[in-house]
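Hello,

Here is the structure I said I would hand over. My notes on it follow below.

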Amino acid sequence: MALTDAKRYIPVRSWAFSNLPVNQAAAGRQYSLILLTNGTLYSVGLNSNGQLGDGTTTSRLSPVLVQGSFNGNVRTMCAGITHSIAVEENGNVWAFGENTYGQLGTGSTATAVSTPVLVGGIIANQSVIGVSCGTFHTIALLRNGTIVT
């Protein structure tokens, strides 16, 4: 997957991951997250708010590995308009990107976070099994059936 201004009106095969086992893909505003079956998370595209999680705000034409010790152990993830969430196999939640409305769940509204941060609060030490990103919010499902937003 690479940034291009070529208009395409039918699906085309992504060359970047054509030989790798992809488990999940998510699309934000002009960026994408790609989770491989081995739990490794990659990102590509617009990075104006650090939503690629590579420690920069530099947009990427080719996929980059998301930074963090959790990478390689990601169960699921989601992409908001300009924020990203990754959930580890153990249920820990990591957040990066825009946080103007507190969508990262870090307890602050820091403008942008380009390196993933561990989310605490009500979901600390809980087993998050699912997550979904909206435009400016995030919702998580705990193993016990509780919804947290």
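I129 is partly exposed, with a relative accessible area of 33% (buried means under 20%, exposed over 50%, partly exposed in between, with a 1.4 Å probe and protein chains only). This is a predicted model, in which local features need pLDDT of at least 70, side-chain atom pairs count only at pLDDT 80 or more, and totals for chains, interfaces and linings use all residues. Residues are numbered from 1 along each chain as its sequence is written, and side-chain values use heavy atoms, with hydrogens and water left out.

I129 lies in strand β9 (strands are DSSP runs of E, at least two residues, numbered from the N terminus). Strand β9 belongs to an open sheet of three strands, in the order β9-β10-β11 with antiparallel pairing. At the edges are β9 and β11 (147-148), each pairing on one side only. Between β9 and β10 (residues 138-142) there are five bridges, in the antiparallel sense (two strands pair if DSSP finds at least two bridges between them). Opposite V128 stands L142 in β10.

How many disulfides does a search of the whole structure find? The search finds one (a disulfide is a pair of cysteine sulfur atoms within 2.5 Å). C78 and C133 form the disulfide, with their sulfur atoms 2.0 Å apart. The pair links distant parts of the chain, 55 residues apart: C78 is in strand β5 (residues 74-79) and C133 in strand β9 (residues 128-133). The torsion about the S-S bond is about 55°, so the disulfide is right-handed. C78 and C133 are both buried.

Regards

Key. Helices (H or I, at least four residues) and strands (E, at least two) are DSSP runs, numbered from the N terminus.
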